[in-house]
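Open the model in your viewer and keep the selection tool at hand. The tour below goes stop by stop.

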Amino acid sequence: LPLYDWWKANGIQTLSTVAAAVILVCGAFAFKQYRAAKIAGANQEMLKASSLEELETVVAKYGSTKAGNAARLRLAKAYYDASRYDDALNAYDTCLSKGAPTGFKEIAELGRAHALEGLNRLDEALTAYQMFEQSGAAHFLQPYAVMGKARILTMQGKKDEAKKLLENLKA
């Protein structure tokens, strides 16, 4: 009898609250599984992509996922390799603005400097290399920034400065 009275007074409201909580928890779990599957699909397609067009498709399809920026970084490198420096610069800039994947920010920064160098925007590239060198003093890509600076200094006719940089790098 007390259970019946409780059910009459609070049963429907309690049942509705529990049902809503279960629906929310199941919805959150389903959404998490959907996102994980989408990221896994993006990673699989990114690994299979071997041409610019395939990489562009992966970025267009999965650009908003966590794997999207990794794909964008790979696309930027492919643009650079194809001498499409404007596209590479735009892709590196987008990658940096959207938050490069953990551990890849420095790669995007250095790639951006290379793209600027490819566009013959030497002063901007030199600044980018210098910023990379200052911000990542112990980074494993540090020698590439020094060599980039030396290339630019050589193109600007400052061969002695470039030679000194390379000798210091060698030492």
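**Stop one: N69**

Select N69. This residue is found in helix α3, residues 66–81; helices here are DSSP runs of H or I with at least four residues, numbered from the N terminus. The model is predicted: local features need pLDDT of at least 70 and side-chain atom pairs count only at pLDDT 80 or more, while totals for chains, interfaces and linings use all residues. Residues are numbered from 1 along each chain as its sequence is written, and side-chain values use heavy atoms, with hydrogens and water left out.

Is N69 buried or exposed? N69 counts as buried, at 5% relative accessibility. The cut-offs are under 20% relative accessible area for buried, over 50% for exposed, and partly exposed in between, with a 1.4 Å probe and protein chains only.

Now show the contacts of N69. Setting aside residues up to four places away in sequence, N69 touches T94, C95, K98, G99, A100 and P101. Contact means heavy atoms within 4.5 Å.

**Stop two: the cysteines**

C95 counts as buried, at 0% relative accessibility. Then jump to C26, which is partly exposed at 49%. How many disulfides does the structure hold? The count is zero, a disulfide being a pair of cysteine sulfur atoms within 2.5 Å.

**Stop three: along helix α1**

Select W6, which lies in helix α1, residues 2–48. W6 is partly exposed, with a relative accessible area of 39%. Together with W6 they form a nonpolar patch on the surface, with about 560 Å² of accessible area. Such a patch takes residues with over 30% relative accessible area and no salt bridge, joining nonpolar side chains (Val, Leu, Ile, Met, Phe, Trp, Tyr) within 5 Å. Areas come from the Shrake-Rupley method with a 1.4 Å probe.

Stay in helix α1 and go to M46. M46 is buried, at 12% relative accessible area. Which residues does M46 contact, leaving aside neighbours within four places in sequence? They are V58, A67, A70, A71 and R74.

**Stop four: salt bridges**

Side chains of opposite charge can pair when their charged atoms come close. A salt bridge here is a side-chain nitrogen of Lys or Arg within 4 Å of a carboxyl oxygen of Asp or Glu. By this rule there are eight salt bridges.

Take R112 and D93 to begin. Their side chains meet in a salt bridge, 2.5 Å from N to O. This pair links distant parts of the chain: R112 sits in helix α5 (residues 105–118) and D93 in helix α4 (residues 85–97), 19 residues apart. R112 is partly exposed at 25%, and D93 is partly exposed at 28%.

Next, select E109 and K105. They form a salt bridge, with the closest N and O atoms 2.9 Å apart. Why are they about one helical turn apart? Because E109 and K105 are four residues apart in helix α5.

Move on to K149 and E133. Their closest N and O atoms are 2.5 Å apart in a salt bridge. This pair also links distant parts of the chain: K149 is in helix α7 (residues 142–155) and E133 in helix α6 (residues 122–135), 16 residues apart. K149 counts as buried at 10%, whereas E133 is partly exposed at 23%.

Finish on E56, R84 and D87. Salt bridges that share partners join these residues into one network.

Conventions. Helices (H or I, at least four residues) and strands (E, at least two) are DSSP runs, numbered from the N terminus. Patches are made of residues with over 30% relative accessible area and no salt bridge: like charges are joined within 9 Å, nonpolar side chains (Val, Leu, Ile, Met, Phe, Trp, Tyr) within 5 Å.
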